[in-house]
Amino acid sequence: MSQDEVKKIVLAYSGGLDTSVIVPWLKENYPGAEVVCFAADVGQGEELSGLNAKAVASGALKCVVKDLREEFAKDYLFKLIQSSAIYERRYLLGTSIARPLIATHQVKVAEAEGADAVSHGCTGKGNDQVRFELTYTALNPKLKVIAPWRHPAWQIKSREDAVAYAAAHQVPVAASLKSIYSRDRNLWHLSHEGGLLENPNAEPDEGMFQLTVSPEKAPDKPELVEIQFEQGEPVTLNGQKLSPATLIHKLNELGGKHGVGRIDLVENRLVGMKSRGVYETPGGTILFEAHRELESICLDRDTLHFKEQIAGRYAEMVYYGQWYHPLRVALQAFIDQTQLHVNGTVRLKLYKGSVTVAGRASGQSLYREDFATFGAADVYDQKDATGFIRLFGLPMKVTALLNIEGEAGLRYKAPDYSKFKRD
């Protein structure tokens with residue numbers, strides 16, 4: 001990409017050290033190009049009001065700030081809950097799910113500003129670079145993409161380098177606020193990486209956690225919460241109708257108080273390496289549990305089982321940044337259809353890091369006590385099971401007969417795995 005061809009750049013901006021030094025770096029390496037910063041409020045809890053002045057002081061033309069918390073909750077997090085998607089059995093996708101939203105609005109700002117390029121501060125070793133750039137590609141492939149960390153002119157390799165660069169270019173940064181951890185926070189979760197966590201055998205330091213108390217210090221008395229769902233979306237908490245973002249925020253407070261939602265995970269990054277992360281997702285953990293319990297009485301067996309099969313694929317696509325991929329969109333259409341009758345309430349008990357169901361009810365429940373009871377012959381004739389078992393087991397019967405008539409014993413032997421052992 002010729003530097004002379006770039007006239008205006010929209011940078012995904014947080015106001016932290018990394019993106020703050022990117023502003024003068026862009027001005028330095030793309031002379032003549034204007035830089036517009038874009039900051040998305042997705043519930044990270046940081047003070048966003050002063051970002052415009054900070055961005056301008058760093059060399060930007062201005063900073064556009066958008067409050068996306070309700071859109072994040074309604075159009076992304078609720079879709080995630082409905083999908084039952086969990087990456088590698090434990091990760092509730094807090095960072096992953098936010099990136100396409102942020103990148104979507106960054107593209108919108110670029111188009112509104114007449115920019116010809118977008119930029120981000122993601123490193124060349126992480127997942128986020130993929131998530132941002134796939135979204136750019138899906139929404140406006142004509143935009144040029146500037147990834148400073150992969151640029152040959154980028155010489156900032158450490159926090160110390162960034163602090164020195166900021167001082168040399170008179171960039172206002174709070175360099176004294178040094179943390180050994182790399183964190184990402186939004187309405188859904190708080191992640192912790194790096195520092196002591198780079199040793200997968202090291203127990204996390206209790207002082208690291210910010211959203212949740214330790215289960216040992218949680219209240220000794222359990223607390224009940226009741227969540228009402230309409231078509232798979234949570235709408236009320238303890239009888240109070242709340243906006244999507246407010247409902248999640250309040251559940252974060254309730255779950256955090258009881259030590260709910262801590263996950264310590266070694267995950268497989270998209271780029272090929274393993275990474276250890278510790279996540280706090282109190283409200284999300286509660287909502288996933290509640291939604292799963294409601295589906296257990298509202299969905300028929302075949303639909304529920306097939307939905308479980310695609311949940312893993314859906315989770316991968318979110319983790320890989322493929323939010324706008326045609327397959328993810330098609331899977332979403334199926335998921336939306338399954339949620340039409342997922343209506344009702346779920347009661348949950350929060351106690352010292354655990355979430356257990358205390359009750360579930362729905363006017364469209366498929367559970368019938370008269371069918372489930374062992375004594376009602378008028379709704380279920382137990383003798384009917386005889387023919388069903390015979391037909392259901394017919395393939396196994398044929399195989400067994402062939403084994404008997406052929407060689408003695410089973411025809412299939414377990415393979416020898418000894419040759420695959422590591423030295």
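Q: Hi! What do the side chains of aspartate 41 and arginine 69 do when they meet?
A: They form a salt bridge, with 3.6 Å from N to O. Keep in mind that this is a predicted model.

Q: Where in the chain do those two sit?
A: Aspartate 41 belongs to strand S2 (residues 34–41), and arginine 69 belongs to helix H3 (residues 69–83). The two residues are 28 residues apart, and the pair links distant parts of the chain.

Q: Is aspartate 41 buried or exposed?
A: Aspartate 41 counts as buried, because its relative accessibility is 14% and the cut-off for buried is under 20%. Arginine 69, at 35%, counts as partly exposed.

Q: How many salt bridges does the structure hold?
A: There are 21 salt bridges.

Q: Nice. What about glutamate 206 and arginine 262?
A: Their side chains also meet in a salt bridge, at 2.8 Å from N to O. Glutamate 206 is in the loop between strand S7 (190–193) and strand S8 (223–230), while arginine 262 is in strand S11 (residues 262–268), so this pair ties together parts 56 residues apart in sequence. Glutamate 206 is partly exposed at 35% relative accessibility, and arginine 262 is partly exposed with a relative accessible area of 21%.

Q: And what's up with lysine 383 and aspartate 381?
A: That is a salt bridge too, at 3.3 Å from N to O. Lysine 383 is exposed, with 64% relative accessible area, whereas aspartate 381 is partly exposed at 31%.

Q: Which residues do salt bridges with shared partners join into one network?
A: Arg99, Asp128, Arg131 and Asp184 are joined that way.

Q: Let's switch to the surface. Which residues form a nonpolar patch there?
A: Phe388, Ile389 and Phe392 do, and together they have about 390 Å² of accessible area. Phenylalanine 388 is part of helix H12 (residues 384–392), and at 53% relative accessibility this residue counts as exposed.

Q: On to strands. Which way do the side chains of S13 point?
A: They alternate along strand S13 (residues 344–351). Gly344, Val346, Leu348 and Leu350 point to one face and are buried.

Q: Why would side chains alternate in a strand?
A: In a regular strand, side chains alternate between the two faces of the sheet.

Q: How many bridges join S8 to S13?
A: There are 7 bridges, and the two strands run antiparallel. Leucine 224 stands opposite lysine 349 in S13.

Q: And how many join S13 to S14?
A: Again the count is 7 bridges, with S13 and strand S14 (residues 354–361) running antiparallel. Threonine 345 has alanine 361 in S14 as its bridge partner.

Q: What does lysine 352 do in that hairpin?
A: Lysine 352 takes a positive phi near 45 degrees, in a hairpin that has 2 residues between S13 and S14.

Q: Last topic: where does glutamine 106 lie?
A: Glutamine 106 lies in helix H4 (residues 94–113). With a relative accessible area of 0%, glutamine 106 is buried.

Q: Which side chain does its side chain make a polar contact with?
A: The side chain of glutamine 106 makes a polar contact with that of tyrosine 136, at 2.6 Å.

Q: What else is glutamine 106 in contact with?
A: Leaving aside neighbours within four places in sequence, glutamine 106 is in contact with Val10, Leu11, Ala12, Phe38, Val118, Ser119, Phe132 and Tyr136.

Notes:
Residues numbered from 1 in each chain as written. Predicted model: local features only at pLDDT ≥ 70, side-chain atom pairs only at ≥ 80, totals over all residues. Heavy atoms only, no water. Salt bridge = Lys/Arg side-chain N within 4 Å of Asp/Glu carboxyl O. Helix = DSSP H or I, 4+ residues; strand = E, 2+ residues; numbered from the N terminus. Buried < 20%, exposed > 50% of the residue type's maximum accessible area, 1.4 Å probe, protein only. Patch = residues over 30% accessible without salt bridge, like charges linked within 9 Å, V, L, I, M, F, W, Y side chains within 5 Å. Areas by Shrake-Rupley, 256 points an atom, 1.4 Å probe, with all protein chains shown as cover. Pairing = 2+ DSSP bridges. Polar contact = N/O pair within 3.5 Å; in protein donor to acceptor, adjacent residues only side chain to side chain. Contact = heavy atoms within 4.5 Å.
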